[in-house]
Amino acid sequence: MAKNKDSKSFQTSRFRKVLLKWYKAHKRDLPWRKTKDPYKILISEIMLQQTQVETVISYYRAWMKKFGTVKKLAGASLDEVLLLWEGMGYYSRARNLHLAAQKIVKKCNEKIPCSYKDLLDLPGIGKYTAGAVVSIAFDQPVPAIDANVRRVLARLFCLSPSLAKDKTYWELALNLMGSASPSEFNQAMMEIGALVCIAKNPRCPNCPVRSYCKAYSKGMQSHYPAIRKPKKTEEIEVVLGIIFNNSMVYVQKRPPQGLFAGLWEFPGGKVEPGESPEEALHRELKEELGVKIRIVRNGKSIRHNYTRFKVLLRPFICVSQKKFSPKSFNDEYRWVLRNELKNHAFPAANRKIIRTLLKEKDYQKLVAI
């Protein structure tokens with residue numbers, strides 16, 4: 001544990017006892033808490049990154065139904081994996097999981113590594129995920145420090161930004177864990193951070209360990225951890241062409257790296273200053289695909305927010321005289337029936353457009369050439 005006056009006087013054994021008693025009484029009934037299968041725990045931990053627990057539950061159950069073992073995941077196509085992940089965002093998590101599964105099958109005899117160091121060697125697995133898997137699945141005394149645990153520790157010990165380093169958190173968590181079950185302790189720390197020691201307006205009156213909290217004793221809970229100034233979000237306007245040829249609609253796959261890598265999309269791009277949306281669409285399709293289309297009508301505009309930018313998405317229903325074959329996309333494009341769109345993984349904003357498109361009853365009249 002970090003050597004400071006506060007840690008020396010901190011009653012770690014009593015703290016553990018109180019925390020674990022609270023956890024036993026208040027922990028949520030979550031499906032991944034009913035297993036010690038390291039594969040299932042790994043999947044849940046990756047899904048829980050950047051995604052709310054309530055959202056993850058249904059995805060986790062669907063995932064286990066389709067990819068219940070690491071071998072099944074490794075043998076699936078990336079399209080299948082991304083389609084099942086669709087809607088959770090941060091798709092690099094799914095791509096890395098797929099790669100990790102293939103590596104585990106090939107080099108680890110289909111067994112999830114029980115070594116913290118070996119887990120770190122897998123694609124997409126960082127210190128928190130490795131710590132969570134080895135502690136929860138294998139009960140090894142390794143801290144699992146996510147945003148919730150970091151916040152709890154910052155408030156317990158009033159950690160200033162200059163002290164708030166990974167090594168400090170690691171030492172504090174390891175000392176607090178002491179002789180407790182690593183699985184129970186780490187989950188208890190995560191749970192109290194998620195339910196009680198929340199980021200805004202922490203529920204201190206309901207906190208069983210508030211008497212150990214230095215920030216609470218000073219009435220400074222809102223000061224910890226130090227809040228970073230949010231980055232300014234960029235607002236952009238994007239046009240999309242939903243191009244029909246008779247009953248078929250054109251879709252293309254994004255590059256294997258970068259934003260929304262490997263997902264399918266409708267062609268289009270950003271509206272440049274001074275352009276109308278219609279002018280932008282014609283320019284983008286000519287530059288991107290080398291084709292001319294006829295705009296039939298405007299679709300319903302959609303606003304969608306991402307971490308660093310806000311998008312106004314303007315879709316246009318279009319027709320093409322022929323089924324073109326853009327060289328720029330090689331084989332990474334398809335002409336599909338409207339109902340087949342649901343079998344392809346799209347970014348969330350595109351999926352909203354598809355839902356509206358599937359409800360259109362007279363679309364054949366609209367796109368008749």
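This is a stop-by-stop tour of a predicted model, saying what to select next and what is there.

**Before you start**

Residues are numbered from 1 along each chain as its sequence is written, and side-chain values use heavy atoms, with hydrogens and water left out. Because the model is predicted, local features need pLDDT of at least 70 and side-chain atom pairs count only at pLDDT 80 or more, while totals for chains, interfaces and linings use all residues.

**Stop 1: the whole protein**

Show the C-alpha trace, which spans about 80 × 50 × 35 Å along its principal axes. The protein has 16 helices and eight strands; these are DSSP runs numbered from the N terminus, with helices being H or I of at least four residues and strands E of at least two. Of the 369 residues, 49% count as buried. Buried means under 20% relative accessible area, exposed means over 50%, and partly exposed is in between (1.4 Å probe, protein chains only).

**Stop 2**

Select residues 248-253, which form β2. How many of the six residues of this strand are buried? Six of six are. Now look at the side chains: Met-248, Tyr-250 and Gln-252 point one way, and Val-249, Val-251 and Lys-253 the other way. In a regular strand the side chains alternate between the two faces of the sheet.

- β1 (residues 234-245) pairs with β2 in the antiparallel sense over two bridges, and Asn-245 has Met-248 as its bridge partner.
- β8 (residues 333-337) and β2 are antiparallel over five bridges, with Leu-337 opposite Met-248.
- β3 (residues 264-265) is joined to β2 over two bridges, again antiparallel, and Trp-264 is the bridge partner of Lys-253.

**Stop 2: helix α14**

Select residues 277-289. This helix, α14, has 13 residues and reaches 17 Å from its first C-alpha to its last, close to the 18 Å expected at 1.5 Å a residue. The expected span is 1.5 Å times one less than the number of residues. Colour Pro-277, Ala-280, Leu-281, Glu-284, Leu-285, Glu-288 and Leu-289, which are the buried residues of α14. Why do they line one face of the helix? Seen down the axis of α14, they fall within an arc of 125 degrees, so they line one face; the arc is that of the directions from the helix axis to the C-beta atoms. An α-helix has 3.6 residues a turn, so residues three or four places apart point the same way. On the face turned away from the buried side are the exposed residues Lys-286 and Glu-287.

**Stop 3: the pockets**

On a 1 Å grid over the protein atoms alone, a pocket is an open set of points with protein on both sides within 12 Å along at least five of seven lines, a cavity is a set where a 1.4 Å probe fits but cannot get out, and lining residues have an atom within 4 Å of a point. Grid points are joined across faces, edges and corners, and a volume is the space filled by probe spheres set on the points.

The largest pocket holds about 1100 Å³ of space. Select Leu-48, Tyr-128, Asp-146, Ala-147 and Asn-148, the closest to its centre of the 42 residues that line it. Then show α12 (182-195), which gives the most to this lining, with seven residues.

The second largest pocket has about 710 Å³. Among its 21 lining residues, Arg-150, Pro-225, Ala-226, Ile-227 and Arg-228 lie nearest the centre. Keep Pro-225 selected: the peptide bond from Tyr-224 to Pro-225 is cis, with omega near -10 degrees. Pro-225 is in the loop between α13 (214-217) and β1.

**Stop 4: the cavity**

There is one cavity of 30 Å³ or more. Of the 15 residues that line the largest cavity, Arg-155, Cys-197, Cys-204, Cys-207 and Cys-213 are the closest to its centre. Its volume is about 130 Å³, and α10 gives the most to its lining, with three residues.

**Stop 5: a loop residue**

Finish at Gln-50, in the loop between α3 and α4. Gln-50 has a positive phi of about 70 degrees although it is not a glycine. Is Gln-50 buried or exposed? Gln-50 is exposed, with a relative accessible area of 58%.

Definitions and conventions. Pairing = 2+ DSSP bridges.
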